[in-house]
Amino acid sequence: MRCSLVPDLLAARYDQFTALRLEELGVRLLLSDLDFTLAPKSVARPDEALRAWIGELQAAGITVMIVSNNRSGHRVTEFCGDLGIDFQGRAGKPSPRGLLSAMELSGAAPEETAMLGDKLLTDVLAARRAGVLSLMVEPLGGAVTAWQKVLHALQAPFKACCRRRIGL
């Protein structure tokens, strides 16, 4: 179990992880956080850009599944229903249990799975603990509350380490 908080790869937005890039990485299952990763928390429904990106991944044979810590199943259920994809709610990240359940449901092994998220202490750490590739993006909608601003400032050194390691 790797516990590093340095993500494997970093991008500004989710759609920079194209189907081609994920195929090159050997990803067959893409697990993703929802809030601030695929849409700002204030956005109730997926937009056309997100639908197109998920369609591109699915056309390439990559399964997309949401793994969310949301306590209310309503938002995740409706959002994923609109996209026609499965989800693992109340995942308990940074525990790997939600990721492991999603992999079991889809039949994917850790070496062919990636976790996409915007937070080190939940998404990246859960990915590390589950033994899957960790992909990190900047939060959509930005850090809004004082706590979010502090949290994202604390993530900066780990993201900088990732950028240095991958040559950005």
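Arginine 165 counts as partly exposed because its relative accessibility is 45%, where buried means under 20% relative accessible area, exposed over 50% and partly exposed in between (1.4 Å probe, protein chains only). The residue lies in helix H6, residues 146-166. This is a predicted model, in which local features need pLDDT of at least 70 and side-chain atom pairs count only at pLDDT 80 or more, while totals for chains, interfaces and linings use all residues. Residues are numbered from 1 along each chain as its sequence is written, and side-chain values use heavy atoms, with hydrogens and water left out.

**Surroundings of arginine 165**
- Apart from neighbours within four places in sequence, arginine 165 is in contact with Val6, Pro7, Asp8, Leu9 and Arg128; contact means heavy atoms within 4.5 Å.
- Leucine 99 is 66 residues away from arginine 165 along the chain, and their C-alpha atoms are separated by 25 Å.

**Secondary structure and sheet**
- The protein has six helices and six strands, which are DSSP runs numbered from the N terminus (helices: H or I, at least four residues; strands: E, at least two).
- From the N terminus on, the elements run β-α-β-α-β-α-β-α-β-α-β-α.
- The six strands form an open sheet in the order S1-S6-S5-S2-S3-S4, with parallel pairing; two strands pair if DSSP finds at least two bridges between them.
- Strand S1 (9-11) and strand S4 (87-88) stand at the edges with a single partner strand each, so one side of each is left without a neighbour in the sheet.
- Strands S2 (residues 29-32) and S3 (residues 63-67) run parallel and are joined by four bridges.
- Leucine 31 has methionine 65 in S3 as its bridge partner.

**Overall dimensions and packing**
- The radius of gyration of the protein is 15 Å, which agrees with the value near 15 Å for a compact globule of 168 residues; the radius is taken over C-alpha atoms, and the globule rule is 2.2 Å times the number of residues to the power 0.38.
- The C-alpha trace spans about 35 × 35 × 30 Å along its principal axes.
- Of the 168 residues, 46% count as buried.
- Among contacts with a separation of 6 or more, 72% are between residues 24 or more positions apart.

**Surface and charge**
- The accessible surface comes to about 7,800 Å², of which 57% belongs to carbon and sulfur atoms; the areas come from the Shrake-Rupley method with a 1.4 Å probe, and for residues only the protein chains shown count as cover.
- The mean positions of the 20 positive and 18 negative charges are 9 Å apart.
- Lys and Arg count as positive and Asp and Glu as negative, with His and the chain ends not counted; the place of a charge is NZ of Lys, CZ of Arg, CG of Asp or CD of Glu.
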